[in-house]
Amino acid sequence: MNRSAVFAIALLSAFAAIQPAAAEGNKITPKLDSVQVMHNGQPVTVQRGHDPAAHLPAIFQKTDRGCPPFCVQPMVAVPGVETVGELELLAYLQRVGQGDESILVVDSRTPDWVMRGTIPGSVNIPWNKINIDTNGTFETPGEAESFKHILADEFGATLGEGGKWSFGDAKTLVLFCNGIWCPQSTANLQTLVKYGYPVEKLKWYRGGMQDWVSVGLTSVKP
């Protein structure tokens, strides 16, 4: 056997030997292996996948979506509302998992999408529950009443005299939907700001579920 063949075999053997180690060492960052969160009262470890052959779920492989409604969203959903990435979202989720009740991570998608998988530690509040029409109103009194309950019971806002909302004790909300082509959480942020929700208490994970699964982070089904 010539030297080239010996070298090729040695190289292939070395590559095969290091592949499992590379897969097992698929960290979130060089110093972060995983994050512990709570989802529906149960602990969940969020980490990246270890399968070198893994690929995007079929529902997120589609690229040609009609606009409207699936238009590319701006980097800033609302002036003053911070756009965050995966690491910032993980930090919020970790705080929630440690018992910080001042933060709520909101999956704005409809339940049929959530059933396919969501971010551990998030709470589903469908976008159409927090969405006013072009006239700045809800279509029915029932929708308006539902929104009031969400503001008070889920977000911690207080309705004062004269129908004015107070957000002094309201939670910091981190909203997301399906990705940069999904307008649902954008619409929710715009509605909340119109109702007086402080922009410093609103965060937006623009990448949504598509970015989350594209880097192999753990998702869960209800």
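Which elements do the buried residues of α4 pack against? In this predicted model, they pack against β7 (165-166) and α5 (184-194).

Let's look at that helix. α4 covers residues 141-154, 14 residues in total, and reaches 19 Å from its first C-alpha to its last, close to the 20 Å expected at 1.5 Å a residue. Its buried residues include Phe147, Ile150 and Leu151. Seen down the axis of α4, the buried residues fall within an arc of 95 degrees, so they line one face of the helix. An α-helix has 3.6 residues a turn, so residues three or four places apart point the same way. Pro141, Gly142 and Asp153 are exposed on the other side of α4. After the helix comes Gly156, with a positive phi near 85 degrees.

The backbone has some further points to check on your screen. Most residues other than glycine have a negative phi, and most peptide bonds are trans.

| Cis peptide bond | Omega |
|---|---|
| Cys67 and Pro68 | about 0 degrees |
| Pro68 and Pro69 | about 10 degrees |

Pro68 lies in the loop between β2 (42-46) and β3 (82-84), and Pro69 is placed in the loop between β2 and β3 as well. Asn40, in the loop between β1 (35-39) and β2, has a positive phi of about 55 degrees although it is not a glycine. Asn40 is exposed, with a relative accessible area of 64%.

A word on confidence: the chain averages a pLDDT of 87, and 86% of the residues score at least 70. Over residues 2-23, however, pLDDT stays under 50, and the model has 5 contacts beyond four places in sequence for them.

Terms used:
Residues are numbered from 1 along each chain as its sequence is written. This is a predicted model: local features need pLDDT of at least 70, side-chain atom pairs count only at pLDDT 80 or more; totals for chains, interfaces and linings use all residues. Side-chain values use heavy atoms; hydrogens and water are left out. Helices (H or I, at least four residues) and strands (E, at least two) are DSSP runs, numbered from the N terminus. Buried means under 20% relative accessible area, exposed over 50%, partly exposed in between (1.4 Å probe, protein chains only). pLDDT is the predictor's confidence in each residue, from 0 to 100. Contact means heavy atoms within 4.5 Å. The expected span of a helix is 1.5 Å times one less than its number of residues. The arc is that of the directions from the helix axis to the C-beta atoms.
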